[in-house]
Amino acid sequence: MTWEHLVECSTKKACLQLADPGLSAEQAKVSRRLARAMLYVAFTAIADTVMHGERVVVPTFGTFYRATRKARRIKDINSSAVLELPATVAVGFHCSKAIKR
């Protein structure tokens, strides 16, 4: 799914009513500009929180967390040289049981 497809989905009534079934048709109408801004704010907030080492739990979707990978040695298959890879930080994700079904 591309960013634009996610924005387009966010503007549709059915998608918004899944988030809050009490929405009426008039309340569920969202412009593409507003949907893009809302998604940007949501993903930026998730990224900032995860960067600071905290978990972000989105009910019925999953959990974003900060994963650290240890430094390690790898062997270059072309030159047979041993390379040192530094420790890195990545974002991990565990999906909820609802997504797995």
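Guide: Helices (H or I, at least four residues) and strands (E, at least two) are taken as DSSP runs, numbered from the N terminus. On that basis the chain has five helices and five strands, in the order α-α-α-α-β-β-β-β-β-α from the N terminus. The model is a predicted one, where local features need pLDDT of at least 70 and side-chain atom pairs count only at pLDDT 80 or more, while totals for chains, interfaces and linings use all residues. Residues are numbered from 1 along each chain as its sequence is written, and side-chain values use heavy atoms, with hydrogens and water left out.

The loop between strand 1 (56-58) and strand 2 (62-69) contains T60. T60 is not a glycine, yet its phi is positive, at about 60°. With a relative accessible area of 63%, T60 is exposed (over 50%; buried is under 20%, and partly exposed lies in between, with a 1.4 Å probe and protein chains only).

S80 sits in the loop that joins strand 3 (72-75) and strand 4 (82-85). Here too a residue other than glycine has a positive phi, about 60° for S80. S80 counts as partly exposed, at 49% relative accessibility.

Of the contacts (heavy atoms within 4.5 Å) between residues at least 6 apart in sequence, 40% join residues at least 24 apart.
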